[in-house]
Amino acid sequence: KTIAVVGCPFSGGQPKLGVDKGPIHLVEAGLITRLEELGWRVLFDGHHQFEEISAASDPPIGKLQNPRHVSRVCESVAEVVGAHVRNGQLPVTLGGDHSLAMGTISGTLSSYPDACVIWVDAHADINTAETTSSGNIHGMPVSFLLGLGEKIPEYAWVKPLLRPERLVYIGLRDLDAGEKRILRENNIKAFSMHEVDKYGIGRVVDMALDHVNPNRDLPIHLSFDVDALDPSVAPSTGTPVRGGLTFREGHYICEAIHETGLLVALDLMEVNPSLADPESVRQTVAVGCSLVCSALGE
Ligand SMILES: CN[C@](CCCC[B-](O)(O)O)(CCN1CCCCC1)C(=O)O
Ligand SMILES: [Mn+2]
Ligand SMILES: [Mn+2]
Ligand SMILES: [Mn+2]
């Protein structure tokens, strides 16, 4: 099978400079060669240029920051990822901030409507325009994918293709009040770090898969935010939160998902190579590469 590496140098979903440089660092760390050494054919259709998409003027809509730019970029990503999936390839999207998942998961669901989503993150990224406090859209993609909250014309292209019972979280530990309410109201399954401690990562992954993929017959889209890992493991990221996944727990999730043979799309998000000292940046990039390779059979 062929992997399509989609470099998405994009930072509009959050305020910190540098996360748009994530893809180039991941590729320059040798990711493509490592994937080829695993036996994959790898298409690298380059780092997408999003500057031309940026709206001339993009004033906030309510609290939402860079709303038109984020929407247009995500719509473009949805088309790119959807095309790769339709061509029978496995898209590996390198971020860039996590707002991009609005595009990647839309792309996957357009071809695999019954796909399930495993969202590995310290955060739920499920704020609506009403519940967000920051207005940073990287804290909101899941709400758009589920069709929650007030409709925003600029986001009319996002179809509510994701069903709550097809979504499961691993690694949560920093949610806004509104997000906790949304998870409860929609009966969304979440394995926070408390459950990871209580049951161990092996049981957590089994329970997560039992919830969204009970017969192990549905395609899986894995959306991995490196801030799910403990900051000691992946320090160079925009919204670090203490008490995260160990290096091995992060890799176990990826290895276990590979073992299902059901992975159809992968996102590796929020590596920001400008937020730490060179050694910490190198470490964060190396972990990102390693997680991708583990999800693809290493
Ligand atoms: C928890 N929600 C946050 C973070 C979203 C992180 C996005 B991700 O892609 O990295 O997961 C944080 C909101 N808080 C900021 C500090 C003050 C309280 C609210 C938000 O901005 O919505
Ligand atoms: Mn995230
Ligand atoms: Mn996060
Ligand atoms: Mn982030």
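Me: Among contacts in the chain between residues at least 6 apart in sequence, what percentage join residues at least 24 apart?
Reply: The model is a predicted one, and a contact here requires heavy atoms within 4.5 Å. Counting contacts between residues at least 6 apart in sequence, the share that joins residues at least 24 apart is 74%.

Me: How many helices and strands does the chain have, and what is its radius of gyration?
Reply: The chain contains 10 helices and 8 strands. For 298 residues the globule rule gives 19 Å, and the value for the chain is close to this, so the chain is as compact as a globular protein of that length; its radius of gyration is 17 Å.

Me: Which percentage of the residues in the chain is buried?
Reply: A residue is buried when its relative accessible area is under 20%. Of the 298 residues in the chain, the buried ones make up 60%.

Me: Is helix α4 largely enclosed or largely open, and how many of its residues are buried?
Reply: Helix α4 covers residues 101-111. Its buried residues include Met102, Ile105 and Leu109.

Me: Which strands are included in what covers the buried residues of α4?
Reply: The cover over the buried residues of α4 includes the helices α3 (67-86) and α5 (141-146). It also includes the strands β3 (90-94), β4 (116-120), β7 (220-225) and β8 (263-269).

Me: What is the mean pLDDT of the chain?
Reply: In the chain, 98% of residues reach 70 or more. The mean pLDDT is 97.

Notes: Residues numbered from 1 in each chain as written. Chains lettered and ligands numbered in written order. Predicted model: local features only at pLDDT ≥ 70, side-chain atom pairs only at ≥ 80, totals over all residues. Heavy atoms only, no water. Helix = DSSP H or I, 4+ residues; strand = E, 2+ residues; numbered from the N terminus. Rg over C-alpha atoms; globule rule 2.2 N^0.38 Å. Buried < 20%, exposed > 50% of the residue type's maximum accessible area, 1.4 Å probe, protein only. pLDDT = per-residue confidence, 0-100.
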